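Me: I'd like to go through a few labels on this one and see what each rests on. Can you take them one at a time?

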Amino acid sequence: MPGLGGAPGEHGGGVNRPPRGARFPAGLDRLDGAAAAPATPGVRSGTHPPEPLRPQRPLAQAARDAARQTSVAGLGLDSDTVRQRMVQRLRAQGISCEPVLQALARVERHRFVDTALATQAYEDTSLPIGHGQTISKPSVVARMLALLHDSERARAQGALGRVLEIGGGCGYQAALLSLLARSVLSIERLRPLHEKARQNLHGWRQGDLRLMYGDGRLGHAPWAPYDHIVAAAGGDAVPEAWLEQLAVGGRLVAPVQDERGRGQVLVVIDRTASGLREQRLGAVHFVPLKSGRE
Ligand code: SAH
């Protein structure tokens, strides 16, 4: 599969006026075709089970947000326009899944990366998010989400339904997923990144998005089955727990070590009424799937 060359990290862009569609962190309007919002939309966070977010931003966080806002505005870029250009480039690369492209046009990627990297946020490049981890380049994220959107379930329902994300990182892909799914559970094993995603998504009012601190290799059985499972970190094999927690008609997309030891490939696994069907797509390069929590 062309263009699946990297997952570790990316950036860029700025805002000098409020973007037309997306308001972040104040919330987003629902995309056409997405499922109805649950009674209590927004982000929740925690371990097992996730706790509700505090209603107020701490003062220090509010100050950081304000500083970030100013510095992005100071770049003199209109992030809405820059995102639209990014989407045009993705279209030109052959990504044609409209709901995914619309989600990419709306989520302000520059808010998920360090201010110093904000000018690169809308280039097709992976970017560091700290703690040795990276946010995947937009074309890789787009292709993975488009693969999910092409599952039997998504084609039948027009949306992603219940999603499990492993490797929440800074929360960017979780935000995209929340525009495409009825509910999203995003698990991250590094506490500082879990906290960062929580901050980045503070005030996010889209759908039912929950952030969990834990070892995603185990999935989260109490809320299974999931219509879609997507991993942003690759291990030697797809953990059994993910397969067990995948709904019939559902799809799993994950990087996995190639059997011949030649790096990672992207695996797509569909659970059909008669069993599992696996496809191996092109080479990818994601951070390792690790065990335990830190
Ligand atoms: N989707 C993320 C990408 C983050 S990079 C984003 O948009 O930012 C992949 C992440 O997977 C890293 O943060 C890494 O800590 C995490 N990870 C690796 N192994 C994991 C595991 N077993 N459980 C949960 N997260 C894991």
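**Labels and their cut-offs**

Reply: Lys290 sits in the segment after strand 13, strands being DSSP runs of E with at least two residues and helices runs of H or I with at least four, numbered from the N terminus. This is a predicted model, where local features need pLDDT of at least 70, side-chain atom pairs count only at pLDDT 80 or more, and totals for chains, interfaces and linings use all residues. Residues are numbered from 1 along each chain as its sequence is written, and side-chain values use heavy atoms, with hydrogens and water left out.

Me: Why is Lys290 called partly exposed?

Reply: Buried means under 20% relative accessible area, exposed over 50%, and partly exposed in between (1.4 Å probe, protein chains only). Lys290 comes out at 42%, so partly exposed is the label. Its C-alpha is 8.2 Å from that of Arg189, 101 residues away along the chain.

Me: And what makes Gly250 buried?

Reply: Gly250 has a relative accessible area of 0%, so it counts as buried. It belongs to strand 10 (residues 246-257), and its C-alpha lies 7.3 Å from that of Tyr226, 24 residues off in sequence.

Me: How do you know that helix 6 is mostly covered?

Reply: Nine of its nine residues are buried. Among them are Tyr172, Gln173 and Leu180.

Me: What makes Glu165 a residue with no salt bridge?

Reply: A salt bridge needs a side-chain nitrogen of Lys or Arg within 4 Å of a carboxyl oxygen of Asp or Glu. For Glu165, which is buried, the nearest side chain of opposite charge is Arg109, 12 Å away (Lys and Arg count as positive, Asp and Glu as negative; His and the chain ends are not counted). Glu165, in strand 5, does make a side-chain polar contact with Gln173 at 3.0 Å. That term takes a pair of N or O atoms within 3.5 Å; within protein, one must be able to donate a hydrogen and the other to accept it, and residues adjacent in sequence count only if both atoms are side-chain atoms.

Me: Which elements give two or more residues to the lining of the largest cavity?

Reply: Strand 4 (133-135), helix 4 (138-148), strand 5 (162-166), helix 6 (172-180), strand 6 (183-188) and strand 13 (287-288). Strand 4 gives the largest share, three residues.
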